[in-house]
Amino acid sequence: MKRYLCSIIIGMVVILSIGTYYVKVASSASSLPKYTFKTLEGSDKELDPVIINASLQNGSFYEPLTFESNTTTYASEKSYLENLTGRQGHEIERLVKEHRSFMRGKDSISSLYEDDDFLAYAWVNSDGKMEAEFDIGLLEKKDEEETSFQIELPNQGRIMNADVRDVQLVHSKLQVLTMNDVNVNNEKQTKEVHLYTIDVANKKVLSDKTLVSESFTYPDQVDFEMPIDLTPSQPNNMVFISLIKGVNHEDGPFEGKLKESKLLSYNYETEKLETVKKELLSLDMARSGYADGKNLYAVEMKSGKYRIKTFDLSSQTLTNDTELDIAANKKEQDFAAIKNGRVYFLLGNEVDQDVLTNKPAKLLIADIKTGKTLYKGETVINKKNSKSFELIIGELEIK
């Protein structure tokens with residue numbers, strides 16, 4: 001009887017603790033300001049697919065929040081399990097719901113590939129291991145048959161770090177693009193872009209192809225960057241890599257020498273690596289661009305306005321140049337997303353002499369081809385004491 005009584009008491013304590021937690025959470029969240037977008041032009045239905053991850057700050061106070069379909073939700077309003085898993089992108093959340101077993105432990109969208117028949121995964125796992133390994137997974141959607149295995153990276157002695165940046169399934173073989181830091185046993189540092197071809201059926205690496213290799217000695221520096229991938233898990237024939245050469249200053253950060261840098265394109269089908277013509281697209285624009293496998297969209301400030309330039313990189317031609325109906329502000333950080341023929345353009349986080357200015361975030365939704373404004377709005381707050389809070393925009397997503 002004592003044993004049962006003890007269990008009952010423990011259960012009551014747990015229930016009361018959880019209840020107290022949620023009462024405190026509800027009380028805390030209710031005291032925070034609520035942000036919504038006030039429509040200045042167009043239809044607020046355009047906001048339905050918009051997700052904005054942000055945070056509210058006031059001195060040492062910090063609270064993550066999410067805008068979704070024009071509704072604010074604070075982290076403290078979410079369940080314990082939701083907060084335990086942390087923020088996940090919309091695509092990751094969808095894949096987890098649809099393929100929960102296969103997606104267990106997989107949270108990097110750049111390591112995933114999905115088409116109508118397959119869902120594939122590749123990741124370099126080196127935590128606590130003497131030698132780095134590929135974690136490989138393949139799901140056949142029709143019968144939910146899973147294949148998973150670990151396989152050693154080739155040339156282990158050279159690799160200091162390998163970061164998976166793109167995964168494609170080409171002719172039934174997994175293509176895994178990585179950016180590697182390489183050990184060359186001297187004062188020089190070397191960075192490389194590698195393409196590994198993996199035979200999933202026979203669980204082996206068929207080839208290790210070095211696409212780009214650059215060596216340098218301090219204070220020189222080399223970095224590889226990629227435009228933001230708008231369709232990171234979807235089939236894409238092309239991938240784009242920015243090669244940036246620069247120098248480290250003792251009294252300041254890395255300074256890129258853009259004239260010595262270039263934008264490269266790699267075609268998985270033809271296996272061709274090409275340099276994009278510099279006169280078509282400045283590297284600075286390419287570094288802050290957005291790619292969908294066929295086009296690269298670059299944001300440019302010109303004559304007091306923002307412009308979205310569309311480049312067809314298979315033909316290396318400028319196919320569209322659209323002016324957005326929103327004033328340019330060099331002090332404001334901009335976020336862009338392109339989906340369903342629309343450009344979503346968000347301005348926020350204005351910084352003046354390293355000091356954040358608490359101004360409304362502005363959102364513009366426009367037709368990517370014509371530039372016609374479909375929606376324009378800005379954030380409004382429902383609390384009188386909201387001036388003491390700073391809204392920090394972190395990420396823009398579109399469902």
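Which residue stands opposite N53 in β3? In this predicted model, the residue opposite N53 is T66. I shall begin with the strands around this pair.

Strand β2 covers residues 50-58 and strand β3 covers residues 61-68; the two run antiparallel and are joined by eight bridges. Both strands belong to an open sheet of four strands, ordered β4-β3-β2-β29, with antiparallel pairing. At the edges of this sheet are β4, residues 71-74, and β29, residues 390-398, each of which pairs on one side only. From one strand to the next, the twist averages 25 degrees.

I turn now to strand β10 and its partners. Strand β10 spans residues 173-182 and is mostly covered, with eight of its 10 residues buried. Strand β9, residues 159-170, pairs with β10 in the antiparallel sense over 10 bridges. Within that pairing, A162 has N180 of β10 as its bridge partner. The hairpin of β9 and β10 has two residues between the strands, and H171 takes a positive phi there, near 55 degrees. Strand β10 is also joined to strand β11, residues 189-199, by nine bridges, and these two strands run antiparallel. Here V182 stands opposite T190 in β11.

As a reference for what follows, most peptide bonds are trans, and most residues other than glycine have a negative phi.

Where does the model place a cis peptide bond involving P219? The bond in question runs from Y218 to P219, with omega near 10 degrees. Residue P219 lies in the loop between β12, residues 204-216, and β13, residues 220-225.

S303 is found in the loop between β20, residues 295-302, and β21, residues 305-312. Is S303 buried or exposed? Its relative accessibility is 75%, and the cut-off for exposed is over 50%, so S303 counts as exposed.

The next topic is N340, whose phi is likewise positive and near 55 degrees, again in a residue other than glycine. N340 is found in the loop between β23, residues 333-339, and β24, residues 342-348. Why does N340 count as exposed? N340 counts as exposed because its relative accessibility is 59%, where the cut-off is over 50%.

Technical notes:
Residues numbered from 1 in each chain as written. Predicted model: local features only at pLDDT ≥ 70, side-chain atom pairs only at ≥ 80, totals over all residues. Heavy atoms only, no water. Buried < 20%, exposed > 50% of the residue type's maximum accessible area, 1.4 Å probe, protein only. Pairing = 2+ DSSP bridges. Axes fitted to C-alpha atoms, helices over the stretch in contact; angles between N-to-C directions.
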